[in-house]
Amino acid sequence: MNIKSLLLGSAAALAVVSGAQAADAIVAAEPEPVEYVRVCDAYGTGYFYIPGTETCLKINGYIRFQVNVGEDVGGDSDWDAKTRGQVQFTAKSDTEYGPLTGVIVMQFNADNATDQEAKLDSAYLDVAGFRAGLFYSWWDDGLSGETDDIGSVVTLHNSIRYQYETSDFYAGISVDELEDGVYQGTTDAAGVFTADDGPNNVGVAFGVGGKAGAFSYQVTGGWDVDNEDGAIRAMGTVDIGPGTLGLAGVYSSGPNSYYSSAEWAIAAEYAIKATDKLKITPGVQYYGNYFGGGTEVPEDFDGLGDAWKAGLTVDYQIVDNFYAKASVQWLDPEDGDDTTTGYFRLQRSF
């Protein structure tokens with residue numbers, strides 16, 4: 001009887017528990033439908049719609065490993081390895097004024113495990129030809145090789161610009177903050193430099209360029225307000241034979257934030273398309289009244305000597321989106337010792 005009573009009691013208890021569970025049963029909510037990423041082909045390849053919006057987003061960038069070679073490039077060493085990772089976000093959407101574009105570029109540089117840098121490389125908005133934000137000026141452009149030295153010491157500025165463009169022509173004007181640009185001044189007998197003016201400088205630049213068949217061209221100018229000097233540059237390329245010939249010339253009325261390496265310079269290169277994957281680019285440049293780099297510059301180019309520069313750059317595409325580059329450059333200033341520098345680079349783009 002005890003066993004029978006135990007079994008009956010257990011059954012009754014299970015029935016009570018089952019009834020309670022049935023009364024309190026949890027009903028699972030229907031899963032919300034998932035919105036899959038849609039391809040956006042209105043602005044070219046690589047764009048997709050941000051879910052729930054009509055904004056198209058593209059993510060691209062590159063990973064670069066580079067070994068620099070030259071006197072004291074690594075402190076007391078003649079070689080130094082560096083690694084860079086860069087990612088760019090480009091957002092586009094249609095408006096009544098045309099596409100509204102926003103770009104953010106983040107760059108991460110590492111000389112070693114502890115000496116690293118993260119920086120905002122660009123961030124700007126663009127609509128109907130107007131652009132405002134942090135972006136590179138026309139003075140950042142150059143020939144395809146590594147020999148030409150025809151750009152500004154600093155080409156990344158907070159700027160406002162307007163650019164009109166078609167498929168074969170563009171023309172624009174910009175107002176640039178030159179806070180980290182070039183400062184004219186004097187150096188005393190002890191080697192102490194005194195700038196004529198401080199930061200919060202401003203400049204006005206223009207760019208005109210385009211292409212006509214196998215020929216492309218660009219004319220760039222800029223006026224540095226605080227330094228009261230400016231520069232103008234012209235360059236062009238044309239397909240000849242197995243490669244592309246590039247020529248450039250630049251003139252500066254005095255050291256300024258747009259050009260300060262020399263009073264004038266001319267450069268030439270010939271980019272030889274040896275194979276579908278191999279490009280070889282020899283180049284040469286001549287400087288008149290050569291000063292060199294740096295942001296602390298004299299008030300004029302008087303008394304400076306000339307200089308020669310020659311170099312060779314080799315580009316090889318290993319596979320799609322992965323290439324190697326090697327470059328060697330020789331510089332011979334009249335007022336100083338000649339130097340030889342170079343680098344080897346591996347880069348994977350995505």
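The following legends describe an overall view and several close-up views of a predicted model.

**Figure 1. Overall dimensions and secondary structure of the protein.** The predicted model contains one helix and 20 strands. The C-alpha trace spans about 120 × 55 × 50 Å along its principal axes. The radius of gyration of the protein is 30 Å, whereas a compact globule of 350 residues would have a value near 20 Å. Of the 350 residues, 34% are buried. Among contacts between residues at least 6 apart in sequence, 49% join residues at least 24 apart.

Figure 2. Strand β4 comprises residues 98-110 and includes asparagine 109. Asparagine 109 counts as buried because its relative accessibility is 16%, and the cut-off for a buried residue is under 20%. Two side-chain partners of asparagine 109 are shown. The side chain of arginine 84 makes a polar contact with that of asparagine 109 at 2.7 Å. The side chain of glutamine 107 is joined to that of asparagine 109 by a polar contact of 3.0 Å. When neighbours within four places in sequence are left aside, the residues in contact with asparagine 109 are Thr83, Arg84, Asp115, Gln116, Glu117 and Lys119.

**Figure 3. Asparagine 256 in the loop between β14 and β15.** The loop that holds asparagine 256 lies between β14 (243-252) and β15 (262-273). With a relative accessibility of 0%, asparagine 256 counts as buried. The side chain of asparagine 256 is joined to the side chain of serine 252 by a polar contact of 2.9 Å. The side chain of asparagine 256 also reaches the backbone nitrogen of tyrosine 259, at 3.3 Å. Residues up to four places away in sequence not being counted, asparagine 256 touches Val182, Asp224, Asn227, Asp229, Gly230 and Ala231.

**Figure 4. Phenylalanine 322 in strand β19.** Strand β19 (residues 322-333) contains phenylalanine 322. A relative accessibility of 28% is why phenylalanine 322 counts as partly exposed. Its contacts, apart from those with neighbours within four places in sequence, are with Gln317, Leu346, Gln347 and Arg348. The C-alpha atoms of phenylalanine 322 and lysine 277 are 11 Å apart in space, and these two residues are separated by 45 residues in sequence.

**Figure 5. Lining of the second largest pocket.** The volume of the second largest pocket is about 320 Å³. Its lining consists of 15 residues, and those nearest the pocket centre are Thr101, Asp126, Gly129, Arg131 and Glu165. At least two lining residues come from each of the strands β4, β5 (116-127) and β7 (156-165). By residue class, the lining divides into six nonpolar, four polar and five charged residues.

Figure 6. Aspartate 72 has a positive phi, near 60°, and belongs to strand β2 (residues 56-74). Aspartate 72 counts as partly exposed, with a relative accessibility of 43%. Glutamate 228 also has a positive phi, near 55°. Glutamate 228 is placed in the loop between β12 (215-224) and β13 (229-240). Glutamate 228 is exposed because its relative accessible area is 58%, the cut-off for an exposed residue being over 50%.

Note on methods:
Residues are numbered from 1 along each chain as its sequence is written. This is a predicted model: local features need pLDDT of at least 70, side-chain atom pairs count only at pLDDT 80 or more; totals for chains, interfaces and linings use all residues. Side-chain values use heavy atoms; hydrogens and water are left out. Helices (H or I, at least four residues) and strands (E, at least two) are DSSP runs, numbered from the N terminus. Buried means under 20% relative accessible area, exposed over 50%, partly exposed in between (1.4 Å probe, protein chains only). A polar contact is a pair of N or O atoms within 3.5 Å; within protein, one must be able to donate a hydrogen and the other to accept it, and residues adjacent in sequence count only if both atoms are side-chain atoms. Contact means heavy atoms within 4.5 Å. On a 1 Å grid over the protein atoms alone, a cavity is a set of points where a 1.4 Å probe fits but cannot get out, and a pocket is an open set with protein on both sides within 12 Å along at least five of seven lines; lining residues have an atom within 4 Å of a point. Grid points are joined across faces, edges and corners, and a volume is the space filled by probe spheres set on the points. Ala, Val, Leu, Ile, Met, Phe, Trp, Tyr, Cys and Pro count as nonpolar, Asp, Glu, Lys and Arg as charged, and the others, Gly among them, as polar. The radius of gyration is taken over C-alpha atoms; the globule rule is 2.2 Å times the number of residues to the power 0.38.
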